[in-house]
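Look at the place where the two chains meet, and then at a part of the surface. The text below goes through them in that order.

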Amino acid sequence: MFILDEQIAYNSGEGLAIANIIELKDVRKVYRVGNEKVVALDSINLTIEEGAFCCFLGTSGSGKSTLLNLMAGLEKPTKGQIVIKGSRIERMSEQELALFRQKHVGFIFQSFNLLPALNAVENVCLPLTFRGVSKEIREARARKMLKDVGLETHYRHRPSQMSGGQQQRVGIARAFIGKPGIVFADEPTGNLDSKTTMEVMKLITGIARQNGQTLILVTHDLGIARYADRVIHILDGNIEKIEENSGNVGVNQ
Amino acid sequence: MAFGFGNLWRRKTKTILTILGVIIGTTAIVIMISLGIGMNENFRRELENMGSLNLIDVHMPYRGPGMMERGGPIKNARLDDKALAEFRKLEGVEAVTPIAQDYMRFAAGKYVTDISVIGMDTAVMDKFDFKIDKGRNLLPGDTTAVVFGSQAPTLFYNPKSRNFYGMGGSNPVNLISDKLLLTMNHQYGERRQSSSGDDSKPLKVYKVKGVGVLQQSNDEKDYSAYMDIKSLEKIIAEGRKMQRQQGVGDFSPGQGYQQAKVKVKDIQDVQRIQQHIKDMGFECFSLSDILKSMQETALGIQALLGGIGAISLLVAALGITNTMIMSIYERTREIGVMKVLGANLNDIRKLFLLEAGMIGFLGGLLGIGFSYGISYLLNYAGLSFIQFMGPVGEGSRMSVIPAWLSAAAVVFAAVVGLVSGFYPARRAMRLSALEAIRTE
């Protein structure tokens, strides 16, 4: 469907000057459960370059989801700095964060999270709606996005009328429609069968690489982690190890 | 923001039930207030039937011995030409006439009747709503002319006839062409005169001329006769003198007039002028006194009825709040998703306020439609019920919905919706995006 090899080759090329899009410095997150403190993230130091495809791999409770939430500005760290595109997002107000997410962040959820009252086109439109893009423009773009993910026959379908794979495609179209710099995907294939998983993963990586977008994926599935340029293993709130996948990612089976 | 409607539509049952609550609340308020307005209108109409609302009756203050004991400064007010001239000078007064009144007997051939004769200033008669049906009105200089109320002709009877109470049928007298006699002797024309008058001179009989009959007015005018006050006072004075010689009655001339009527140009001024005249030391009365107290009563009832309606709208408002809060619980995830996708806090608040306002507005709109229906039913079916309790004038309606009421009701319902949606909207706005999208 996509010419993956060519793009991977482009992205993994060594000589390109690539800026850091995400920088985490000493990030620590402690939850308070009753009287007990639970350390979700101990001390994370990490930089991710623009256009990279990173996968956070870990068991449940390892803190990988917390890390994603912190980077997306959904939660504030207990300590440390999170710099995304040069801004300290842990210092932003909720209003600023909303604007920030509007401009720079796309989101793909495990449970799709489409709005049941809206049809496919309207769901895909949402991020543009919040930006205040006019209806004609955003719907035209949404239709093009849906066509790109292979749903040109389902423009007017509501989420309840679509299969899981189709819903996730709508979710992907929605995440990418605003051309965000970073796309976060939280177990995007967790609710899908293995065949659909492959299709969906190819779709996500394909679009992200085509546009040079940074893709941050969280999963516990080793098979999915193999699609990424870099796999960051998380264990008990710390980075256990970082693996670089040299080339051939996604087609090495 | 089109998905506000989508959401309302998706949760049809709940939305419809909530809107129904608002409909009932709005209808209750509107119907209750419309009943109050209808009542007010009926009061006014009834009073207008009773007489003109912009007339003030002025009397000499009561100066009985009791008054002296009670103390207080008694102004030496006298209802004479000087006082009347002062009334005329008051701003807003259209016309003033002195009034003299006595109960006298008219005779036309063998027919007689005893009716109230009212003396007025003939120059201003047309200002006091005297509408002529036949003949003409009184004019200055009409010393012996009399104008009769519309029912006066039917009151004549033949005292010598056996069943003289059998009135009706054709009017035996033509008041304008027949020769008329006026006297204070109430036995005039009877077969037997009562014994008391045997040894005295009979009361004088005056020749008068009927010049006109008034239009029917459904008040005391129909049963009265009108003539020039100077002539009437002369007749009364002579009659009293005669009676005093016989040892009856007590009449001291030169005390001024018995009463006066003041016509005010604008109903709004009646209360003010009335107060003014009271301050001059006279007793006053006008129908607007009754109207005022009736309106106060109506206002009280209206407030009570409106209160009952308001309670149901309050319940409806709670219903809206409840529906919206439930809706937040149901849509926690949606709200979270929207936040994650970059929805402004304002967007989310707007969405919820819009939904709540929409419920209020739709409920108000439908409620108004519903109210008009109920009002129509009340006016056509319910009127017979009121008539059962008392007579009502023509065209009276039980419930009146003026345009301002329906407009206000819709606006009010929408505002109630918005206010009820305010708390849920805040809640939705503050919802943590993370909590909302948590998969577990």
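In this predicted model, E94(A) and K339(B) form a salt bridge, and their closest N and O atoms are 3.0 Å apart. The count of salt bridges between chain B and chain A is 1.

Which elements of chain B give two or more residues to the side that touches chain A? They are α1 (3-10), α8 (332-340), α9 (345-389) and α11 (433-437) of chain B. Of these, α8(B) gives the most, with 6 residues.

The contact can also be described as a whole. On one side are 21 residues of chain B, and they are in contact with 22 residues of chain A. The size of an interface is often given as the accessible area lost when the parts come together. For chain B and chain A, about 2100 Å² is buried between them, and 66% of this area is on carbon and sulfur atoms.

Now turn to a patch on the surface. L17(B), L20(B) and I24(B) together form a nonpolar patch there, with an accessible area of about 290 Å² in total. One of its members, L20(B), lies in helix α2 of chain B, which covers residues 12-50. Is L20(B) buried, partly exposed or exposed? L20(B) counts as partly exposed because its relative accessible area is 41%, and that class lies between the cut-offs of 20% and 50%.

Methods:
Residues are numbered from 1 along each chain as its sequence is written. Chains are lettered from A and ligands numbered from 1 in the order in which they are written. This is a predicted model: local features need pLDDT of at least 70, side-chain atom pairs count only at pLDDT 80 or more; totals for chains, interfaces and linings use all residues. Side-chain values use heavy atoms; hydrogens and water are left out. Patches are made of residues with over 30% relative accessible area and no salt bridge: like charges are joined within 9 Å, nonpolar side chains (Val, Leu, Ile, Met, Phe, Trp, Tyr) within 5 Å. Accessible areas come from the Shrake-Rupley method with a 1.4 Å probe; for residues, only the protein chains shown count as cover. A salt bridge is a side-chain nitrogen of Lys or Arg within 4 Å of a carboxyl oxygen of Asp or Glu. Helices (H or I, at least four residues) and strands (E, at least two) are DSSP runs, numbered from the N terminus. Buried means under 20% relative accessible area, exposed over 50%, partly exposed in between (1.4 Å probe, protein chains only). Contact means heavy atoms within 4.5 Å. Buried area is the accessible area (1.4 Å probe) that two parts lose on being put together, summed over both.
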